[in-house]
Structure formats: C-alpha cells, structure tokens
Amino acid sequence: MDSETITLRLKSWLARKKPEWLDLTMAPLNVQLGSGFSAEIFFVNVSYNDAAGAHARTLVVRVQPQSYEVVFGSDLKIQANMMKALNEKGGVPVPDWIGLEEDTDLLGAPFLVMGRVEGQSATQRPNYNVEGFLVGFSPELRHKAWSNAITAFAKLHALDWRDGFAFLARPDRGKTGLDQYIGYIREWHAFAGKGRAMPIADAAMEYVLKNKPAEADTCVLWGDPTPSNTMFMPDGSIAALIDWELAALGPPELDLSWWLYFDDLFSRRFGAKRLPGLPTREETIAIYEAASGRKTRDMEYYDIVAALRMALVAVGAFDRQVSIGNISANNESLNANLMTLYLAEKLNLPLPVLGADFTAFMSNLTPVEKTPDP
C-alpha cells in the first residue's frame with residue numbers, strides 16, 4: 001500500500017470520526033506498509049477548522065503489530081479504551097484520544113489515532129543513564145522528574161476501577177484484582193513455555209502461586225510503567241503517560257515493582273551508573289507512598305511477579321529471534337539471560353551463566369559490550 005492510498009484512506013476515516021473538523025487537510029505520509037507493517041507507529045500532519053478556529057497539529061497512528069507475539073495478551077483495544085476513559089476522567093496526563101479502527105480493510109490491520117504529545121521519553125536504547133536529555137538535567141531536576149512520574153501513576157491508582165474501567169476485569173481468570181492478574185501470568189507462562197523446561201521461570205511461577213498475599217488492594221494498573229513510556233517536559237513535569245495496551249486490574253504494588261525492576265535493569269544489570277539525583281529504590285517507594293497516601297505491602301513478592309513477567313517477555317523475544325533466523329533454537333539464552341539471572345538471585349537458585357549465546361541473543365535487542373556480572 002503506497003503513501004498516497006494511506007493518506008486518502010486516513011483522511012476519509014478522520015472526516016467520519018471528526019465531522020466537526022472542517023476543511024480537513026493531511027500532509028503526505030512518508031511510510032510504506034506492505035505485507036505486515038514496516039512501521040507500527042507513524043505520524044501525520046493535519047490542519048482543520050472548528051468552532052474554536054484554525055488548527056494545525058500532528059497525530060500519531062499506532063497499528064496493531066502483525067509480527068510474532070512477544071507480550072502475551074497485548075491488546076490495542078485495551079489501549080484505546082484506556083486513553084478514551086482517561087481523557088474523559090482527567091487528572092492523569094495522557095495523549096488526546098482521537099479514535100480506534102478495528103476493521104482490517106482500511107490499512108490491513110486495526111489501528112488507533114491519538115494526538116502527538118510534546119516532550120521526551122527516557123529511552124532504553126540508548127540507555128537513558130548514558131545518553132539523552134536526562135544526562136543534561138541537573139541532579140535536582142532529575143529527582144523532580146522521577147518524582148513527578150511516580151506521582152502521576154499514583155494518581156491513576158486512586159481512580160475507582162468500577163467507575164469507567166470495568167472493561168479491564170477478566171472474571172474468566174479469577175476474582176477481580178490479584179487473582180485475575182496471577183491468572184494472566186499463569187496463562188502467559190503456559191503459552192510461552194510450549195512444553196519446554198524453563199527451570200528458573202517454572203520455579204518463579206510456583207513461588208508466585210504458593211506465596212500470594214492474603215490481602216491486596218485492587219486498582220487500575222498502567223501495566224507498563226517505565227521511564228521510556230513517560231513523556232517528560234524540560235522543566236521535569238509530565239506531559240503524558242503512554243502505552244496502555246497492558247493495562248489491567250490489580251494491586252498498585254505491581255506497577256511500582258515494574259518501575260523499580262526497569263530502574264535496576266537499565267543501571268546495575270546493564271553495567272551503567274545511575275545518574276545522580278535519580279531516587280533510590282527506598283526513596284522511590286517513599287515518594288509513591290507519600291503521593292498515594294498508603295503504605296506499600298509485600299514488595300518482595302511483587303518484585304518476583306514483575307521479574308517473572310519480564311522473564312516471559314524474554315521468552316517471547318527469544319522465540320521471535322529464532323523465528324527470523326537471528327539465533328538457533330538451541331541457544332542457551334532461553335534460560336540464561338538477565339531476567340532469569342534476576343529471578344535466580346531473588347529465589348536463591350543457582351545462577352545461570354551468561355555467555356556467547358546470551359550476547360548473540362541481546363545483539364538484536366539491547367546489545368551488551370560484555371557479559372554482565374551477577
């Protein structure tokens with residue numbers, strides 16, 4: 001499908017979705033879509049008139065990936081419903097919601113459209129601790145920016161999930177909250193394993209099932225709270241929280257532990273020194289508790305849930321690399337990678353050895369210069 005066709009189809013779709021946008025024009029796109037998309041996200045520039053006057057803005061088009069499923073249950077419709085609901089609620093910064101198209105005939109796959117947000121995310125590649133706008137921040141401004149992000153998702157957790165977010169409930173997976181979330185992880189574990197032995201991930205799954213806290217709150221979860229999914233402004237304020245396709249219901253500690261996991265991964269695990277001013281683990285938890293007005297509970301348990309979830313992401317990434325011929329199916333990084341190493345440490349299991357297979361696996365994801373130390 002060429003750019004002219006895509007432009008015409010999107011313009012027609014926008015005209016139907018936004019009839020109040022008069023004299024709509026759209027700039028030609030510089031994107032090629034073929035058998036499956038070469039780009040999962042692209043931008044379009046539009047201009048139009050409405051009751052408030054003339055406007056020129058950039059929109060983001062996010063297409064449902066047609067490639068190998070790395071993250072189990074990733075759902076564009078959930079992301080669309082979340083942004084729509086959060087736009088209506090207010091209080092949590094998210095991109096402007098435009099619309100969702102589930103019919104595959106228009107562009108060959110479902111897609112959603114949202115407003116482009118000003119600001120910058122803290123990238124994973126290059127590592128935000130090494131390169132990028134945060135390096136130019138003062139330590140005080142870094143601390144402020146991180147604190148603002150944590151406060152933003154604490155505000156999300158304060159929302160009543162029964163008021164506009166019941167679409168996140170999955171009664172087929174158990175009781176609303178932690179039971180459903182662990183039900184999801186259990187399904188993912190079975191899906192990812194495909195009958196293979198995954199000693200460390202299997203042990204973590206057993207731990208998570210056997211040690212589930214007796215009491216846990218239920219809130220709206222972001223699902224993927226990382227610095228790379230946070231749009232920061234130059235003054236450290238938060239322009240938007242993005243990427244909502246893994247939103248769910250569950251204890252707020254799940255989001256907090258995911259943020260902490262990635263903080264550890266992109267510093268200690270990747271051998272990068274954390275930038276001065278970024279809050280420590282203890283400070284991060286304290287910031288969250290102050291913003292949410294509640295004490296966190298059972299963080300060690302939720303750390304393992306987060307680590308298991310990321311280990312399952314690694315299994316999906318491994319299978320994806322095998323499917324496109326980057327590594328062989330007997331590459332040992334299936335069970336010997338940064339994620340299984342973290343779990344082995346937490347569960348007091350023998351530590352996997354990360355060697356040449358691991359380096360080959362990571363070379364197409366986030367390359368490592370040398371094998372990280374335990």
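The crossing of α5 and α9 is left-handed, meaning that the near helix is turned anticlockwise from the far one by less than a right angle (clockwise would be right-handed). This is a predicted model, where local features need pLDDT of at least 70 and side-chain atom pairs count only at pLDDT 80 or more, while totals for chains, interfaces and linings use all residues. Residues are numbered from 1 along each chain as its sequence is written, and side-chain values use heavy atoms, with hydrogens and water left out.

Helices here are DSSP runs (H or I, at least four residues), numbered from the N terminus. The axes of α5 and α9 come within 10 Å and cross at roughly 30°, with axes taken as lines fitted to C-alpha atoms over the stretch in contact and angles running from 0 to 180 degrees between N-to-C directions. The pair is therefore roughly parallel (under 35 degrees). On the α5 side, the residues in contact (heavy atoms within 4.5 Å) include Trp188 and His189, which meet a set in α9 that includes Arg309 and Asp319.

Then there's α6, residues 199–210. Ile200, Ala201, Ala204, Met205 and Val208 are buried (under 20% relative accessible area, 1.4 Å probe, protein chains only; exposed is over 50%, partly exposed in between). These buried residues fall within an arc of 140° seen down the axis, so they line one face of α6; the arc is that of the directions from the helix axis to the C-beta atoms. They pack against α5, α9 and α10, whereas Pro199 and Lys210, on the other side of α6, are exposed.

Methods. Helices (H or I, at least four residues) and strands (E, at least two) are DSSP runs, numbered from the N terminus. The expected span of a helix is 1.5 Å times one less than its number of residues. Angles under 35 degrees count as roughly parallel, over 145 as roughly antiparallel, 65 to 115 as roughly perpendicular and the rest as oblique.
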